[in-house]
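User: Can you walk me through this one? I'd like to start with how the terms are set.

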Amino acid sequence: MFETRPDRKHEVALLGRSNVGKSTLMREITGHTFDTGQRPGVTRKPNHYDWAGEDFVITDLPGFGFMKGTPEDVREQIKTDIVHYVESNADNILAGVLVLDGKAAVDIIDRHSGPDEIPHTVELYHFLQDVEIPTVIAVNKMDKVDDRDGRLDEISERFGLVPPWKQWQDTIAPISAKRGNIDTLNDAVRTHLHAAKRDDLFQFF
Ligand SMILES: Nc1nc2c(ncn2[C@@H]2O[C@H](COP(=O)(O)OP(=O)(O)OP(=O)(O)O)[C@@H](O)[C@H]2O)c(=O)[nH]1
């Protein structure tokens, strides 16, 4: 299902449930227009974006989870394809950005938590850790959240990061892509690239 990636060695991968705002975030990062809209599940293939003269791509992976009108087996396939894509490209993925909808994430995670069930978002975070990709959780749509610190503490906890969230600012980045507030994400990603001594490759962050 996935198209061949462009011939660039390094990349930063954006992952998240459908409709969390990945395309909006891509547009904000790159200044280019992407296919965004009200209709969940618009992004079905990885969208690679690269800068002229730079040796990396940013990859917007398909949204996973519930998509109206999409059968269960297709949704499962999308998730499997994401995992395979990340596994195949892990050596070249400098950082992962897991995007959440700050307004909805806690409810969705709790709804899918149980003795036999790990929510996809949490599962993907742990998977990225397992394949040693430094990951930032970008908590988007913060413009819709009233109790900012309370919500971010709840989110930290769901990912196994002991609150208060403020001690995890390299990992948890509250943003509002639509309003253009993404400095926290830039800072967090830059920290990881510094740690990997790859910031030379990624001048935007
Ligand atoms: N309030 C608010 N809405 C946002 C923000 N970012 C994105 N949205 C809205 O959320 C909806 C989904 O945004 P998209 O960027 O299309 O989401 P996506 O994650 O690319 O969706 P898929 O294509 O399904 O993967 C749109 O209506 C956006 O305008 C934000 O920071 N705040």
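Analyst: Helices (H or I, at least four residues) and strands (E, at least two) are DSSP runs, numbered from the N terminus. This is a predicted model: local features need pLDDT of at least 70, side-chain atom pairs count only at pLDDT 80 or more, and totals for chains, interfaces and linings use all residues. Residues are numbered from 1 along each chain as its sequence is written.

User: What follows helix 5?

Analyst: Gly 160, with a positive phi near 80 degrees.

User: Which residues of helix 5 are buried?

Analyst: In helix 5 (residues 148-158) they are Leu 152, Ile 155, Ser 156 and Arg 158. Buried means 20 or more other C-beta atoms within 10 Å of a residue's own, exposed 12 or fewer, partly exposed in between, with C-beta atoms placed from the backbone. Seen down the axis, the buried residues of helix 5 fall within an arc of 160 degrees (taken from the directions from the helix axis to the C-beta atoms), so they line one face.

User: Now helix 2. Which residues are buried there?

Analyst: Ile 78, Ile 82, Tyr 85 and Val 86. Down the axis of helix 2 these fall within an arc of 95 degrees, so they too line one face.

User: And which exposed residues are on the face turned away?

Analyst: That face of helix 2 carries Glu 72, Asp 73, Glu 76, Thr 80, His 84, Glu 87 and Ser 88.

User: Zooming out, how many helices and strands does the chain have?

Analyst: Six helices and six strands, in the order β-α-β-β-α-β-α-α-β-α-β-α along the sequence. Of the chain's 205 residues, 39% count as buried.
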